[in-house]
Amino acid sequence: MQKREQGVGVTGEKAGALTRKLSPATIRAEIRDEVASIQPFDEMEESHQADALAWVDSGAPLCRMAKPATPPKHLVSYFAVVDGDNILLVDHRSAQLWLPPGGHVEPGEHPRETVRRELFEELKVVAGHEITEPLMVTCTTTVGLAAGHVDVSLWYVVRVDRRQSIEFDEQEFAGVRWFRYSDVPLQRSDPHMERFLAKLGVSQFG
């Protein structure tokens with residue numbers, strides 16, 4: 001990860017922050033703070049937040065250790081790449097859905113570092129701003145080719161000029177596309193996408 005970030009001009013203190021190694025107790029506490037920072041949008045999110053906090057507090061492993069789903073419940077960082085009222089979605093080959101980009105949080109990694117790492121690995125984009133607290137948390141049983149496990153997903157927002165060049169991972173995605181919020185194919189997306197877009201709209205334009 002450090003080599004990739006240095007290759008796009010991240011150096012010094014910032015590069016060190018991206019590659020810092022945290023103790024298991026410290027990273028668990030920071031993940032808990034990240035989940036607790038979210039203001040629930042509705043009763044469903046209150047329930048998902050409570051479930052996620054109880055899971056973190058249980059001492060269970062939080063990160064995926066082996067593909068496709070070991071342990072069967074693990075932490076994911078989603079990131080909504082947005083520009084105004086447009087959102088970039090990826091046609092995910094395994095899930096067979098139009099989804100925000102994202103990835104599994106690695107052991108010892110802060111979920112915001114996951115966003116920065118996956119943003120570059122999947123789209124060859126470097127965030128031009130600080131990654132701040134997540135907007136939403138969801139607990140979802142997956143579908144598609146790797147169905148049946150639970151993703152505890154933190155939804156972050158990354159602002160990108162949609163005129164910027166995107167180079168996506170063709171092994172993982174069949175394509176990428178910018179959608180206006182009103183045109184997102186909800187029937188073929190994350191089951192919480194409509195709620196997320198509503199919360200995103202309130203945070204942006206409310």
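In which loop is the place of Glu 109? Glu 109 lies in the loop between β4 (102-104) and α5, helices (H or I, at least four residues) and strands (E, at least two) being DSSP runs numbered from the N terminus. The model is predicted, so that local features need pLDDT of at least 70 and side-chain atom pairs count only at pLDDT 80 or more, while totals for chains, interfaces and linings use all residues. Residues are numbered from 1 along each chain as its sequence is written, and side-chain values use heavy atoms, with hydrogens and water left out.

Glu 109 is buried, with a relative accessible area of 4%; buried denotes under 20% relative accessible area (1.4 Å probe, protein chains only). The side chains of Glu 109 and Thr 114 are joined by a polar contact of 2.8 Å (a pair of N or O atoms within 3.5 Å; within protein, one must be able to donate a hydrogen and the other to accept it, and residues adjacent in sequence count only if both atoms are side-chain atoms).

Five of the six residues of strand β5 (residues 136-141) are buried, so β5 is largely enclosed by the rest of the structure. Strand β5 runs antiparallel to β6 (residues 150-159), to which six bridges join it. Leu 154 in β6 is the bridge partner of Val 137.

Methods. Buried means under 20% relative accessible area, exposed over 50%, partly exposed in between (1.4 Å probe, protein chains only). Two strands pair if DSSP finds at least two bridges between them.
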